[in-house]
Amino acid sequence: MTGGYDDRDGKIWMDGQLVDWRSANVHILTHAMHYASSVFEGERCYSGKIFKSREHSERLIQSGKLIDVEIPYTVDEIEAAKVAALEANGLTDAYVRAVAWRGAGDMMGVASAANPVHLAVACWEWGSYYGDAKFKGAKLDVAKWKRPSPETAPSQAKAAGLYMIATMSKHAAEAKGCSDAMMFDYRGYVAEATGANIFFVKDGEVHTPTPDAFLNGITRQTVIGMLEHHQIKVHERVIMPDELEGFEQCWLTGTAAEVTPVGQIGDYNFDVGAMTRDIAEEYEKTVRL
């Protein structure tokens, strides 16, 4: 592969057809480009098997419903599309991106319900999302932007529009030499990073924010299940900013992030401790079962 993401060899599945990578284009008046009518999933394939694949496909359809984008494919059809994309590109270990969007049609306004809805699946090789942070711990900024109230946006949808503030926050963090940013929610509570959920450790127990204003990630749910299996107490609760000083360890979870230790958030430092390392190692084994 050469060039940027628009200039590669390979195939992308689009609306039932495998098309050449460089030809996988949409019209400039695509509704999603103007009004954010798009939802997506990020998934990882390990040794030929996408981890929690059906859960991702189910969530894609549900995300669409939450933003009034009715995806014209079933879970089984989305599953088959992902397999076809992986096979067409000869990949067994890859990142998989399924995306659905409202396209160009007879209407070009905020309300464009008659415009067709499209689906595409792309896949590519993608290493660690945070580079060497898995070993020394990621450095996070504290974002000035906050996760919105669920009364203003459908927080349980993996919707493209909800990532605008994440992009701005991560750009600001990278300009300061950080890997990512931690975001508060609209109430000022600790929420998550720009594209990953967050966990803290104190006195052998785990604390993680209640996902009532941000996405309850599939990796997040997997890790909570792993912790409970080991009889480690998990507190899903409101976490206030001033509590950061008292936490000993911290990690992020997400399909791209997997389980990534955090060494610093703003002025607060954390150890890459035994529990963090153990959970990261167990997750890496779990996704390959």
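Predicted model: local features only at pLDDT ≥ 70, side-chain atom pairs only at ≥ 80, totals over all residues.
A36 is found in the loop between α1 (31-35) and β3 (38-46), and the backbone of A36 has a positive phi of about 60° although A36 is not a glycine. Most residues other than glycine have a negative phi. A second residue with this feature is S47, whose phi is near 50°, again a positive value in a residue other than glycine. S47 has its place in the loop between β3 and β4, and with a relative accessible area of 56% S47 is exposed.

From these loops we can move on to the helices. The axes of helix α2 (residues 53-66) and helix α3 (residues 75-88) come within 9 Å and cross at roughly 120°, and the two helices are therefore oblique to each other. The crossing in which α2 passes α3 is right-handed. On the side of α2 the contact is made by S53, R54, H56, S57, E58, L60 and I61, while α3 contributes V75, D76, I78, E79 and K82. Sorted by class, this contact of α2 with α3 has four nonpolar, three polar and five charged residues.

Helix α6 (residues 218-229) and helix α7 pack at an angle of about 115°, with their axes 11 Å apart, which makes α6 roughly perpendicular to α7. The crossing of α6 and α7 is right-handed. Here the contact is made by T219, T222, V223, M226 and L227 of α6, together with M275, I279, E282, Y283 and T286 of α7. By class, the contact of α6 with α7 has six nonpolar, three polar and one charged residues.

When residues up to four places away in sequence are not counted, T286 touches F51 and M226. As for L91, which is 195 residues apart from T286 along the chain, the C-alpha atoms of T286 and L91 are separated by 20 Å.

The other residue is Y283, which takes us to the aromatic rings. A pair of aromatic rings is described by the distance of the centres and the angle of the planes. A search of the whole structure finds 10 aromatic pairs. In one of them, the rings of F51 and Y283 have their centres 5.8 Å apart and their planes at 85°, so the pair is edge-to-face. F51 lies in the loop between β4 (49-50) and α2, whereas Y283 lies in helix α7 (residues 274-286), so this pair ties together parts that are 232 residues apart in sequence. F51 counts as buried at 13% relative accessibility, and Y283, with a relative accessible area of 2%, is buried as well.

Another ring pair is formed by F200 and F270, and this pair is tilted, with 6.2 Å from centre to centre and 45° between the planes. F200 lies in strand β10 (residues 197-202) and F270 in the loop between β15 (268-269) and α7, so the pair ties together parts that are 70 residues apart in sequence. Both F200 and F270 are buried. Elsewhere, ring pairs link Y5, Y95, W124 and W126 into a cluster.

The last stop is a loop residue, E151, which is found between β7 (138-147) and α5 (164-175). At 77% relative accessibility, E151 counts as exposed. E151 and A213 are 62 residues apart in sequence, and their C-alpha atoms are 9.3 Å apart in space.

How values were computed
Residues numbered from 1 in each chain as written. Heavy atoms only, no water. Axes fitted to C-alpha atoms, helices over the stretch in contact; angles between N-to-C directions. Helix = DSSP H or I, 4+ residues; strand = E, 2+ residues; numbered from the N terminus. Parallel < 35°, antiparallel > 145°, perpendicular 65-115°, else oblique. Left-handed = near helix turned anticlockwise from the far one by under 90°. Contact = heavy atoms within 4.5 Å. Nonpolar A, V, L, I, M, F, W, Y, C, P; charged D, E, K, R; others polar. Phe/Tyr/Trp six-rings, centres within 6.5 Å; stacked < 30°, edge-to-face > 60°. Buried < 20%, exposed > 50% of the residue type's maximum accessible area, 1.4 Å probe, protein only.
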